[in-house]
Amino acid sequence: MKRFLGISALVAILAGCGGGGGDSDGSNLAGDTGGQITPTQTSYSITTDGSNSNYWLDIPLNVSLPDSTQVIYLYVGSDKAESTNVSEVSLELIGSTPHAGIVFDSVTSDFSELLTLYFCYDQSCSKQVVGSPVDVYVQFDVSTPSISNAVDTSVEVTARKDAPTNTEYTIEIPVTGVSQNTTTLVSFTNQDGWSTTLCTYNDAKDTAICNVEEDSFSSRTDAELNAGHRYTMELCGGLGCVDSVAIDVSYVATTIPTATYSDAKSVSHISSWPNKVKYSSYYDAIVVLSDLFNSPELNIVPVDGSPTITVPINNEENNETSDVFIDEATGEITFVIGNGGYIDKDFYVTRVQPNLATPASSVITSVPVAIDDIAGSHIALVGDSLFIEDHRLVYEVDITSGTIVRQASFANSSYLPLTMTESNGNIYVRYDNNDLGDYKVLVERFTDNDLTTAPVKTLAYSPVDRDSCKRMFSFENVLYTSCGERIPNTTEAATDLAVQETIPKPAWYTENNNAYRVLVGIVKLDNGNFLYAEESEESCYSDCLIYLTEATPDNEVVAEYFAPTDLARLSGLMKADDGSVWLAGQKADYSAFLAKLVQP
């Protein structure tokens, strides 16, 4: 016997009305006849997995009511009387999709129910809309979801052994019997052994998509990679866990080849700081400024195998040296050196004209310069002027007298260090600027290299990473940052500086992670391609990975390989006039490494 459910009453207040709510008696109705409300469908067969004990059924309605209608009441009756599964009703008549909403509780097993919908103009339902009452039959078939037998229980994951970022991949689990309103989800315990990841479904709800994130291949031992990993994927919901499957993951670690070397040279010391070792066409040799604390010296190492020429610099203690500069027209070698104390030093601009026949007779000229420090400083040489960075200051120093010609202040520099480089006879300065916000930096060029004047060229941009990009240097009319950004320089007044695509990056590189490779050197090979040398971290020692990447001028990778294993820190990548490529740096025990590259 069908029972009328007074608790299942709802008031729909129509647009433009001031009509009442559930306690209205309907006496304020402007019109209570005419119109019609009918369901577009009166029978529903619903299949659900029972994981959600509540089920919301939308019943679309055809509605035609007088414009004067202000309030419609909905009552719902059920043939199950007080045993009805209906717990809540709603009515929406405003908008393009009018519908009645029915919420069923305890949908955990098969059942059917015949509902009677009453659409009324008044609260007592003495005035019904045409088409009311109307019966709606609802049949629920509750199935138990499961993991399909078609699931692939073996997954193979391939990644580079040197990849520093977490390993990410997807496992797909086919499922059956999962309904659209399901709360049953596939989940698994992560690699850490305690946290859980919930998978998502595709639109058809027949496949669970599980995103897996694991430790990087580079952080795992060979034994751990060989052992693989087993995940237990569980299908659980309101009815508990109803199914599970074991997925065995195997790992394939790939690698790139490793270069070798020949013609190893013996020098006393090579700094880990770049630019203290350079190739000179004038000497057809590698020039090394060996900044030993107590006995700094210049080593001129001919690439043709002739004996190394050593020029002692001084016998002072606690020496500290800057980048080295070579005048290819005269062979004069210029640098800044400090000595006399462990912390407080006296600094000198030193110029050396080597005597190759009698190194001890080399002409060494040193003039004092009134600066405080050169440790980690960025220094550039243009003509007879050295530009020396000291925090937010840049000194222009005459190399013949040591006089500070000009002192430029970059007081709005917000993040140290300020960096400089010379290109085509122009000084370029790169620094963070407090006034720009958004972690932007400026690259500037100045008229006649007068850093105290307004810049003639300015580029403001957001680097991919402030720490990784903080060093800048130049090669063949292009400015490079240490994270591989490329900024072609220009002397044309109408051409602005602009950031190009970075040099080629590995597959794991994104601008949102810290897996930047630090650019240390560039050479142009005889075939027209570029060879880029990068270290795996900015501050790494014996744990550095050193990458060499050959790429076309269009930035397409030709080859990628590791530097020779004996090289632990890279200080210089150079190409001699005969086309040979040379690597300089330190071994794991900090002894000097200088040798010719042999590509794999």
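Which residue takes a positive phi near 60° in the hairpin of strand 15 and strand 16? Here are some notes to read alongside the model.

1. The answer is K205, found in the hairpin of strand 15 and strand 16, with five residues between the strands. A word on terms: strands are DSSP runs of E with at least two residues, helices are runs of H or I with at least four, and both are numbered from the N terminus. Two strands pair if DSSP finds at least two bridges between them.

2. Before going on, keep in mind that this is a predicted model, where local features need pLDDT of at least 70 and side-chain atom pairs count only at pLDDT 80 or more, while totals for chains, interfaces and linings use all residues. Residues are numbered from 1 along each chain as its sequence is written, and side-chain values use heavy atoms, with hydrogens and water left out.

3. Back to strand 16 (residues 207-214). Strand 15 (residues 200-201) runs antiparallel to strand 16 and is joined to it by two bridges, with T200 having I209 as its bridge partner. Strand 16 also pairs with strand 12 (residues 167-176), again in the antiparallel sense, over eight bridges. In that pairing, look for Y169 opposite V212.

4. Next, find the open sheet of four strands, ordered 33-34-35-36 with antiparallel pairing. Strand 33 (419-423) and strand 36 (455-461) each have a single partner strand, so one side of each has no neighbour in the sheet. From one strand to the next, the twist averages 20° (axes are lines fitted to C-alpha atoms, for helices over the stretch in contact, and angles run from 0 to 180 degrees between N-to-C directions). Inside the sheet, strand 34 (residues 426-432) and strand 35 (residues 441-446) share five bridges, and D432 has V441 as its bridge partner.

5. Now for the largest pocket, with a volume of about 1200 Å³. A pocket is an open set of points on a 1 Å grid over the protein atoms alone, where a 1.4 Å probe fits, with protein on both sides within 12 Å along at least five of seven lines; lining residues have an atom within 4 Å of a point. The volume is the space filled by probe spheres set on the points, and grid points are joined across faces, edges and corners. There are 45 lining residues, and N275, K278, F325, E422 and S474 are the closest to the centre. Elements giving two or more residues to the lining include strand 33, strand 20 (277-280) and strand 44 (569-575).

6. The structure holds 14 salt bridges (a side-chain nitrogen of Lys or Arg within 4 Å of a carboxyl oxygen of Asp or Glu). In one of these, R160 meets D162 with the closest N and O atoms 2.8 Å apart. R160 is buried at 18% relative accessibility, and D162 is buried at 7% (buried is under 20% relative accessible area, exposed over 50%, partly exposed in between, using a 1.4 Å probe and protein chains only).

7. K596 sits in strand 46 (residues 592-598) and D263 in the loop between strand 19 (260-262) and strand 20, so the pair ties together parts 333 residues apart in sequence. K596 is partly exposed at 21%, and D263 is partly exposed at 37%.
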